[in-house]
Every structure is written in C-alpha cells, then in structure tokens.
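Here's a quick briefing on a predicted model. Have a look at the chain first, then read on.

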Amino acid sequence: MRLFLLLLFFSGNIFAFQSLEIKELQKAILEESCAAVLTQIDTSKVVSNRYRFYRAICLSRTGNQVEALEDLDRVDLTKVANPNNVQYWRAKVNALLQNEEAALNHLRQLPSYWLNYRLLNRVEFEQMRTNNIEFQAL
C-alpha cells in the first residue's frame, strides 16, 4: 500500500511538471520561445480563460492556427480582463487562415479608439492591407 501511494505521489508530480503555468506561457510569448514549450502546454479542455488565451497565442506563433482559433473561440469574453485583446487575436488568426470576413468582423467589434496603425500594420494582416478595401478603411 505504501509503495502504491509513493508511486501515485511521484506520478502526480511528474504530470504536474508537464503542464505549464500561466506565468511560463507569458514568458514563452515574451521571449518568443513558444516552440520550446509546445509539448508542455496543457491541452485539456478544463483550463481557465486566461490560460486558454495565452495557449492560443503560443499555438498561433508555432503555426497551429486552427487549434489557436478553437481556443480563442472558447474564451468567455465576459470573464477576461481584456476582451479586446481576445478579439484582436481572433482577427489575426482568422487573417492567417485567410478568413477575411471573420477577421473583419472581429476588428469591427473593437472600439474605434482601440485600433491604431501599429495594430493593423502587423504581418498577419498583410494580404488584407493590400487587397481588402474594407480593411483599408479601418
């Protein structure tokens, strides 16, 4: 019985080390090292909205746009501190997936004072910037 409890304790600790905390995800995003932590990202559906948001950013930055969008779409905007950031990332990921109308819809939902040239001049919006008249009007 004691051996079983020890094994259970150690296996629980091993699994705990495999899952990243929010601070570690934020650090990976800031240091642009999402690829290095990708295998440690918690893929369970029972995570906080904040974790899901940061996980989506890392997924997007490693080229996993579909998974990133799935996470972003699961974020409850009424329960996050900065819903505008989530909307902006939804627009960016949709732009990368060439879903221009969805990207525009998310940008339209942002307050006009929130959008600026720096945010719209990102590489994710490059194609829309040159080819989409509605995007150019923003």
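R52 is buried, with a relative accessible area of 7% (buried means under 20%, exposed over 50%, partly exposed in between, with a 1.4 Å probe and protein chains only). This arginine, R52, sits in helix α4. Helices here are DSSP runs of H or I, at least four residues long, numbered from the N terminus.

**Around R52**
- Leaving aside neighbours within four places in sequence, R52 is in contact with K45, V47, D71, R74 and V75 (contact means heavy atoms within 4.5 Å).

**α4 against α6**
- Helix α4 (residues 49-61) packs with α6 at an angle of about 25°, and their axes are 11 Å apart.
- The two, α4 and α6, are therefore roughly parallel to each other (angles under 35 degrees count as such).
- On the α4 side you'll find F53, I57, S60 and R61, meeting N85, V86, W89, V93 and L96 in α6.
- By class, that contact of α4 with α6 has 6 nonpolar, 2 polar and 1 charged residues.

- Mean pLDDT for the chain is 85, with 86% of residues at 70 or more (pLDDT is the predictor's confidence in each residue, from 0 to 100).
- Where pLDDT is low, the predicted coordinates should not be read in detail.

**Ground rules**
- Residues are numbered from 1 along each chain as its sequence is written, and side-chain values use heavy atoms, leaving out hydrogens and water.
- In this predicted model local features need pLDDT of at least 70 and side-chain atom pairs count only at 80 or more, while totals for chains, interfaces and linings use all residues.

Note on methods:
Axes are lines fitted to C-alpha atoms, for helices over the stretch in contact, and angles run from 0 to 180 degrees between N-to-C directions. Angles under 35 degrees count as roughly parallel, over 145 as roughly antiparallel, 65 to 115 as roughly perpendicular and the rest as oblique. Ala, Val, Leu, Ile, Met, Phe, Trp, Tyr, Cys and Pro count as nonpolar, Asp, Glu, Lys and Arg as charged, and the others, Gly among them, as polar.
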